[in-house]
Amino acid sequence: MSDRLKILVKEKLADTGVDLLREHFDVDLGDSWSDEEFRARIGEYQGILIRSATKMTEEYIALGTNLRVIGRAGVGVNNVDVPAATRRGIVVANAPQSNVVTAAEHTLALLMALARNVPQADASLKAGKWERSKFGGVEVYEKTLGVVGFGRIGQLVAERAKGFGMKVVAYDPFVGAERYRDLGVEKADNSADVYKVADFVTIHLPVTPETKGWLNAEAFAQMKDGVRVINCARGELVDDAALQAALDSGKVAGAALDVFPSEPITDYPLFDGYPQVVVTPHLGASTTEAQDRAGVQTAEQVIAALTGGTVTTAVNIPAIAAEDMEVLGPFVPLCQQLGKLAVSLVDGSIDGLELEFFGRIGDRDTRLLSIAVLQGVLTGHTEEEVNQVNAPSIAEERGISLTETKRSTARDFTDLVRVTIVSGETRQRIVGTNVGRRNRPHLLEVWGQRFDLQLERNLALFSYSDVPGMIGRVGSVFGEKGINIVSAAVGRAGDDDGAAEHAVMVVTTDAPVDPAVIDSLVATDGFVAGRAVSL
Ligand SMILES: NC(=O)c1ccc[n+]([C@@H]2O[C@H](COP(=O)([O-])OP(=O)(O)OC[C@H]3O[C@@H](n4cnc5c(N)ncnc54)[C@H](O)[C@@H]3O)[C@@H](O)[C@H]2O)c1
Ligand SMILES: O=C(O)CC[C@@H](O)C(=O)O
């Protein structure tokens, strides 16, 4: 019996990738396996390579008792239960750059197919009909393309659409303004601003709790009459019933869909009786070039994971340098929390991060802490899970610059972390530290005011004019809504006579605060701004 490790290639993968794996491992191809065979045999393998069809749920991961790595030959890891894999110490790695060009090109193919009725005309002519007037189309030249989600694929689509002479307007607050300028794309402050000007709307978001059903009835209502919509990202981003209604009413003149809420799918309301809908069976990544790239890149990651190399596209493993861990390790949660909190205070794009580390931590290789801040800033806004391996490259792709300053002393505390988010002309600074033997993260400054408050999972922040009764007003509204306040701190700045003008209040609560509660308070006299944040 061979003592080589065993790899299962569960879906059709390019030969180049399989050949590379065979140089190191015993490889079985399982693309024609039944579910029973998969269940019975997954326990034999140390590594598995999949595409989008195999659902690596917690149950299958548990059956893979010898699994050490899951390689996803493509971008989306939404078919892998990453937390379940992480809990079992299984590395999950993808090939995030492998198919982005292919997916962007498919989006453009769908755009042109929609504009010129290519599939419909093809089917009609092959059915023996010469129907020239029926399939007249529209030019895309000088039309506006609205891009929602301006990440890797959204940017490539924009670049290519510009080549057709289209005007492009995009919404994605997590991409630096410079990236929009470089690509000649107009930056929108919200998706409604995209919808109201776009002749074509294309969506390139990841699926997150926030983005599910993004294109819903409200979104369609905000679009121009006769808009054409493309989804080459993920089916869950579109509310099917709302799309159907918008097609029925004529609000949406056409739609092109590569992806569906569940796949594979052959029975779907828009497949029948909707000639203005163009569909493809999740072909966004299906080119020889992308499959070669995905196969080779994923094989390389699996080899690295099983032979002690660096898994550069791991979505779930931290790469913390052991020698710095003792001093810096306790500051990782603080930095993640400061990043998450800072980004929640920014309204515009995130153009840059300025990080300052003072005290003992300033003597160390603080890249670990910068990465932790980046994780906090980016988490929840990207396709893949952001970790200490991939956070810097994700930030770079989004044009978010990062500067680090270090000093080995801090004035009032042993250590201090300052995070400043640069957003256009504005700068949002927050400051924190760890306190006590248990390294409890504390917040020391927000919105220009200082205080000292132990960070908890749920926070509500208010900026307001410092007049009597404001704290009581927050307390009573929270009380009415059944929100239990755990602790509170107030910071305020005085004028020359010592009378305070502006104050900031931070309260921590037992449970997340509904943003609507904050909005209702902020709408009342004296409040300037408010935020609910869950860290
Ligand atoms: N059809 C296919 O075969 C195919 C192929 C590859 C990728 N995809 C899908 O395409 C999509 C985009 O992939 P990508 O590689 O460009 O991902 P990406 O992570 O590079 O880009 C996604 C962008 O969405 C933005 N975003 C996230 N949450 C947001 C929010 N709430 N509001 C506004 N913007 C938000 C992020 O800032 C990011 O810039 C993913 O859904 C991916 O699964 C499909
Ligand atoms: O073809 C595939 O495997 C899916 C491609 C794409 O949706 C991805 O997530 O990379």
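**The paired strands**

Modeller: Strand β16 (residues 426-435) and strand β17 (residues 440-446) run antiparallel and are joined by five bridges. This is a predicted model, in which local features need pLDDT of at least 70 and side-chain atom pairs count only at pLDDT 80 or more, whereas totals for chains, interfaces and linings use all residues. Residues are numbered from 1 along each chain as its sequence is written, while chains are lettered from A and ligands numbered from 1 in the order in which they are written. Strands (E, at least two residues) and helices (H or I, at least four) are DSSP runs numbered from the N terminus, and two strands pair if DSSP finds at least two bridges between them.

Four residues lie between β16 and β17, which form a hairpin, and glycine 436 in its turn has a positive phi of about 80 degrees.

β17 also pairs with strand β18 (residues 449-454), in the antiparallel sense and over four bridges. Here histidine 442 is opposite glutamine 454 of β18. These two strands form a hairpin as well, with two residues between them; tryptophan 447, in the turn, has a positive phi of about 50 degrees. In the domain division, which comes from an automatic or database domain assignment, domain 3 comprises 320-446 and domain 4 comprises 453-535.

Parallel pairing is found around strand β3 (residues 47-50). Strand β1 (residues 6-9) runs parallel to β3, and three bridges join them; leucine 8 has isoleucine 48 in β3 as its bridge partner. On joining strand β4 (residues 69-72), β3 makes four bridges, again in parallel, with leucine 49 opposite glycine 71 in β4. Together with helix α3 (residues 58-63), β3 and β4 make a right-handed β-α-β unit. A crossover is called right-handed if, with the strands pointing away from the viewer, the path from the first strand over the helix to the second runs clockwise.

β3 is covered on both faces, with Gly47 and Leu49 buried on one side and Ile48 and Ile50 buried on the other. A residue counts as buried if 20 or more other C-beta atoms lie within 10 Å of its own, as exposed if 12 or fewer do, and as partly exposed in between, with C-beta atoms placed from the backbone. In a regular strand, side chains alternate between the two faces of the sheet.
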